[in-house]
Structure formats: C-alpha cells, structure tokens
Amino acid sequence: MAGINILQQVSRARNGIGAFVHPCRRIVITYCNFGGSSQGTRDFLRTRLKSFAEQYPHIHFNVLEKPGFHPVLRAEYTDGLDKQICVRKWDVNVVENKLKLLVNSSGRKLSKPKQLVKSLNKSVRGIWSPFHVDPSQRHKV
Amino acid sequence: MYQWSSKALGRKSFCLLSRRLISLSSVQGKVQSPKIKTEHRLSYEKANNTRVGDSAIQRPQSATDFGNYKRESFVLNLTEEDALKIPSILALHARLNLSPNFEKRTLVRALTSRMEDNQYADNQQMAIFGSNILSYYVTEYLLSTYPRLPIAILKAATEAYIGDFSLHDVAKNQWGIEADTSTNLEKYLLKEPKLFKFGKLRFDQLVTDVEDGITRFNNASKTSLAASTAFANSARAIVAGVYAADGEASAKEFIDLHILSRKVDISSMFEFEEPGKLITRLLRTKNMELPTIRLISETGRQSSSPTFIVGCFSGDSLLGEGQGSSLKEARIRSCVNALKAFYLYRPLDPKRPSESTFKPMFVDEGESFY
C-alpha cells in the first residue's frame, strides 16, 4: 500500500504460553565398567534407570560405556545448549538428584534476574509525561 | 497409509474455504449461485512448492475421487514396528504430546525431505497440505482479530507466524528436531544402528559445514533445500499429520498452541512514509472532518529540553496523541498514533469463523484506497 512500508518480523517463542514443550531433549550417561569412581553410576544404571526413564518419555536416554574415564551426565536441550555434570565417586542417590537437576533445567546458565518482571511486551504506560499526572498530585516548586 | 497428493489436497482445502463462504448466503435451490472467483487469494502459499510433476502422481479414473490419488515416487515405507525402535522419534512424539492415533512412522515421514536417491516416503505433500492448513488458520485468526489491517501488513504478519524462518525456529529450537549432518563413516564409527538416522531431519543440504571454519556451498540440485526451509517443511508436515490422525479440530488446537501462541508485535510492523497525508486521505474516504493538529500542553519551549504534547483531531474527536521535543516531531507522532489506532482496531471478543459461537457480521468495508 502506498505510503505504508513493512518492517518484517519473525515470531518469537514463548514456551508455556500455549503449549509447554519440555526443554530437555536427550541425556547421555557415560560410565566406566570397572573404575571405582563409577560405582554409584553403575548402581543407578542397574537398579533405577528403567523406572527413572519411564517417568520422562519425552527424553531420549543414551548410555555409553567409556572405560577409564570418570562418569559424566550430559543433557542436551531443545535450543541447542547442553550441560554436563561429573558424578565421580558419587553414590546412587546423588546421581539420581543430579539427573533430576538436569531434567528440570532449561539449559541456560543460572543467572540472577535484575527485574522482577521480564517481558517481551512494551510497557503499557508509554513514555512518562508530566501533563497526565493529576494536578493535585503534581510536584510544586 | 495416507496418500497425499497436491491436487487432491489443494482442492480439498479449497472446498473447506468455499463451503464456509457459501454457508453464509441463503441463496439455494433453483437460483444458480455465481461462481466464486479465486483470483484474490489471501492465504499464504509458496508458488514454487505447490506443484508436483505429473509423472509422480497416479490419478484415479474420476478426477474428483480425492482419496485415491497416489504418489509413485517412493517404493519403501518404514513400518510402524521399525519406527517404534527409534528413540528420538518416541521422544519427539511424547514431547509434542501427540495423540496415539498419530503413528510414529508418520513422524519419520515428516522428517524425511525429498532427496535424490531416496526410496523412502518423503514429506513433500504433507508439507504442502500443512502449509495450507496453517495459512488458513493463521489468516483467519489475523483477519478476525485485526479486521482493518492493510493487506500488505496482513501478509507480512502471516509470514511472521508461518514463514520459513519462524517455523525453522519452532521445529529446531522449540520442538528439538535435529538435522542429520553426520556422514556414513561417522555413523559406522559410532556403531549407530541404521534405523536411527530416520529419527533426524534428513534433506539435501545446500550449504554444509565441512569442518570448523570451512563451509561448502554445494551445487544446487532440484531437491536441495536451505536448512530453514527443510526444518519449516518438517513442522508443516507434522501439522498435516495431526490433521490426518485426529481431524480438523485437533489440527486447529495444535496450531493455536504451538504457532499462534508465539509473539508477533504487529504495531511495530508499520512504517508510515508521510503520516500526515495518509491520515488526511483516510479521513476523506471516511467522510470525516479533515485532521487538525492542536497543541495540548507544552513545557520549556525556550529551554534545551522542551516537551510538546499535541493531538490529532477530526472535528471534536481526538484520534491520536503524540509527544516530542519539537512541534514537528510531536505532530508526526500524533498522526502515526491516529493511523495505528485505526488500522489496529480490535473487536472486544474476536471470534473466528471456525468457532461454533461465531456470528457473521459486517465488520469493515476493507481497504478504501491503495
């Protein structure tokens, strides 16, 4: 249309408004088949992995034997990020808790939010103007 | 399973549209209804993607026998048993919360693009059909929510929701679909089962990253795709799969949840060249009084930081307000705000034609000038 130009956009994701897609996509568990540091991880794989994986059908669990290395839990997230936790010498309960931590993470680094509200929307108030303040409330010199 | 063909599906989706249009008029019976012209299409579509070569389609004897159009370009189709062995497919199925009617092998098919030397069923027709459903529901949503959008902005907003770049983001960064970029040698060394490659998005890549810092631009063939198009097509194919498995209502809900819930700021898509002239022209076509700009308040005219607030009036009614550090800036802002207030008009409780509570009504006469 004459006189109106277009500024093209690409829609931005708001996970949880509408559908919530769980961010954790894949978990890779590596362990050593004889090392003492992998004892807890091996226990977890033997006794708890099946019931744990059944709770999270949306996650692809991958178990890799890596002889001679400490056990590592690696989680991959939908937006391409990943997180790794070394569970060397940890017992089976700690391994399970670390896995839960990975499952419940969004993949982003932990950071302290500076504002209480984080939003993609513009401020509804617009630019502050002294003329829209009620005259009785105005600052008097 | 489902036989997809562009012509059949194209007509089917057109039938859906025309049925809705016809149901609004009460003219029936002996009176011959005028033919609906299809020249002006609001729906978003890609012209280079909507045709399939005639040799690829097996046509039934009757052209209107839409269920029996068949693709002949593939010889193999993964069985459901095999598809159930692919962990990434099962995970994707659960992540998207798809219904049990949605077969796992349909998901495999949605992730297979049309490729050279590919014997398996690909997603080409599914993507075309999905694109049509997406364009229908997204334009429907935009038209009923913002009935006065200029057509160029409407098209751009549709593109913002269901264009290649947007759906690429949906498929890759929201749904977590992975592209299959590893070579056969790498797969062999990883001892990866052969079936697992079906769990990833496969397409003939236009650009490949050979190794860190080296990018190879391949010779474009008929089937090679940019990554964004390939990902977007897989998302469209999944929408088509939802339609085929669970029907129209589920497909609409799926689009609402995954596509229309995303953020598009339509008010910042406008760029007015001469807002003063535009608002004058608009008011003239609406038979309203021509705009007058009046100063509402000001401060510090002689200082280094003056502020003016002006209003764009038509007669006594205030159309838009603008503030600026000069009179000219404030005037232009007020005209822009007046124009946006008109074009971004939104009914209080917008209902879409596909909703049962929708009542057809006269909303607006459309664009009065171009």
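Two strands are taken to pair if DSSP finds at least two bridges between them. In this predicted model, strand β1 of chain A (residues 4-6) and β5(B) are joined by 3 bridges and run antiparallel. Within this pairing, I4(A) stands opposite F272(B) of β5(B).

**Contact between the chains**
- Chain B contributes 41 residues to the contact and chain A contributes 33 residues.
- On the side of chain B that touches chain A, two or more residues come from each of α3 (87-95), α6 (151-162), α7 (164-174), α10 (248-258), β5, α11 and β6 of chain B.
- The element that gives the most to this side is α6(B), with 6 residues.
- By residue type, this side of chain B comprises 19 nonpolar, 11 polar and 11 charged residues.

**Helix α11 of chain B**
- Helix α11(B) spans residues 275-285, and P275(B), L278(B) and I279(B) are buried in it.
- Viewed down the axis of α11(B), the buried residues fall within an arc of 95° and therefore line one face of the helix.
- Their cover includes β5 (270-272), β6 (291-299), β7 (307-314) and α12 (327-343) of chain B.
- After α11(B) comes N287(B), which has a positive phi, near 55°.

**Annotated domain**
- An unreviewed UniProt entry lists residues 89-172 of chain B as "domain: RNase III".
- Residues 89-172 of chain B are 68% helix and 0% strand, with end C-alpha atoms 14 Å apart.

**Confidence**
- The complex receives an ipTM of 0.89 and a pTM of 0.83 from the predictor.
- Chain B has a mean pLDDT of 83, with 82% of its residues at 70 or more.
- Over residues 1-43 of chain B, pLDDT stays under 50.
- Where pLDDT is low, predicted coordinates should not be read in detail.

Note on methods: Residues numbered from 1 in each chain as written. Chains lettered and ligands numbered in written order. Predicted model: local features only at pLDDT ≥ 70, side-chain atom pairs only at ≥ 80, totals over all residues. Buried ≥ 20, exposed ≤ 12 C-beta atoms within 10 Å, placed from the backbone. Helix = DSSP H or I, 4+ residues; strand = E, 2+ residues; numbered from the N terminus. Arc of directions from axis to C-beta. Contact = placed C-beta atoms within 7 Å. UniProt positions renumbered as here; feature names shortened; annotations may be inferred. pLDDT = per-residue confidence, 0-100. Nonpolar A, V, L, I, M, F, W, Y, C, P; charged D, E, K, R; others polar.
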